[in-house]
Amino acid sequence: MLNLVLFGAPGSGKGTQSAKLIDKYGLHHISTGEVLRDHIKRETELGKIAQSYIANGQLIPDELMISILDDVLEKEAAGKKGVIFDGFPRTIPQAEALKELLRKRGTDLHAVVGLEVPEEELIERMLNRGKETGRADDNLETIKKRLDVYHNQTSPLKDYYSGIGKYLPVNGSGNIEDIFNNITAGIDKIN
Ligand code: AMP
């Protein structure tokens, strides 16, 4: 098993790099943002709850998010070679829950790959993505809120995972292929 978290600020390229990693390592991809956007599209009860948080750039409450992830793991992860978690965990309680969710399935988290990208580049990428895909939270006002949430609630996870020797920082700026090579060089050392 190889279970990885792809970590980074919004716009750091987690989705793009996940798509390439699943091809190379045969892993299953779980993006909590995509799970929520799918609920919104299907107009489920959960989608209605998630929509207001997402539109305000705020995090879905931990308890709800953790139970959603537990369900997704149950439905999708059994028998897979491993999972790439993209967008989860985003808080310390989520990180603790992830450890427990993996432990109860007899496995563990192997590394947290942190994509490090300067803030101006993050904003530029998200504004471009907003234009290209129409993603509703990729507008300047919500982007700024999402970056604040990242700095206040999510970035402490770098120290959390560094402290247990699992944080693998990667330069996430520039060319997609070069970034991918930086990531795989790091993973191949632990794998
Ligand atoms: P993402 O696609 O990962 O950028 O996520 C888009 C939005 O979904 C975030 O701004 C949050 O509102 C929500 N979201 C995604 N993952 C999580 C999570 N692990 N915890 C709380 N909210 C989340």
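I started with what counts as a pocket: on a 1 Å grid over the protein atoms alone, a pocket is an open set of points where a 1.4 Å probe fits, with protein on both sides within 12 Å along at least five of seven lines, and lining residues have an atom within 4 Å of a point. This is a predicted model, where local features need pLDDT of at least 70 and side-chain atom pairs count only at pLDDT 80 or more, while totals for chains, interfaces and linings use all residues. Residues are numbered from 1 along each chain as its sequence is written, and side-chain values use heavy atoms, with hydrogens and water left out.

**Entry 1: the largest pocket**

I looked up the lining and found 46 residues, with P10, K14, R129, R135 and R146 nearest the centre of the largest pocket. The space in there is about 990 Å³, where a volume is the space filled by probe spheres set on the grid points, joined across faces, edges and corners.

Which helix gives the most to this lining? I found α6, with 6 residues. The elements that each supply at least two residues are β1 (4-8), α1 (14-25), α2, α6 (119-133), α7 (140-154) and α9 (176-190). Helices (H or I, at least four residues) and strands (E, at least two) are DSSP runs, numbered from the N terminus.

I sorted the lining into 17 nonpolar, 18 polar and 11 charged residues. Here Ala, Val, Leu, Ile, Met, Phe, Trp, Tyr, Cys and Pro count as nonpolar, Asp, Glu, Lys and Arg as charged, and the others, Gly among them, as polar.

**Entry 2: the ligand**

Where does the ligand sit? I found it in the largest pocket (sitting there takes more than half of its atoms within 2 Å of the grid points). Around the ligand I found 15 residues, of which T32, R37, Q58, G87 and Q94 come nearest (near means a heavy atom within 4 Å). Helix α2 (residues 32-41) gives the most to this shell, with 4 residues. The shell splits into 6 nonpolar, 5 polar and 4 charged residues.

Next I checked polar contacts (pairs of N or O atoms within 3.5 Å). A polar backbone atom of Q58 is 2.6 Å from a ligand oxygen, and a backbone N or O atom of G87 is 2.9 Å from a ligand nitrogen. R135 uses an N or O atom of its side chain, 3.1 Å from a ligand oxygen. The protein covers 96% of the 490 Å² of accessible area that the ligand has on its own (Shrake-Rupley method, 1.4 Å probe).

**Entry 3: the second largest pocket**

I noted about 200 Å³ for this one. Its lining includes R37, K41, R135 and D137, and α2 and α3 (45-55) are the elements that give two or more residues.

Most residues other than glycine have a negative phi, and most peptide bonds are trans. The bond from F88 to P89 is cis, with omega near 0°, and P89 is in the loop between β3 (83-86) and α5 (92-103). E43, in the loop between α2 and α3, has a positive phi, near 55°.

Terms used
Polar contact = N/O pair within 3.5 Å; in protein donor to acceptor, adjacent residues only side chain to side chain.
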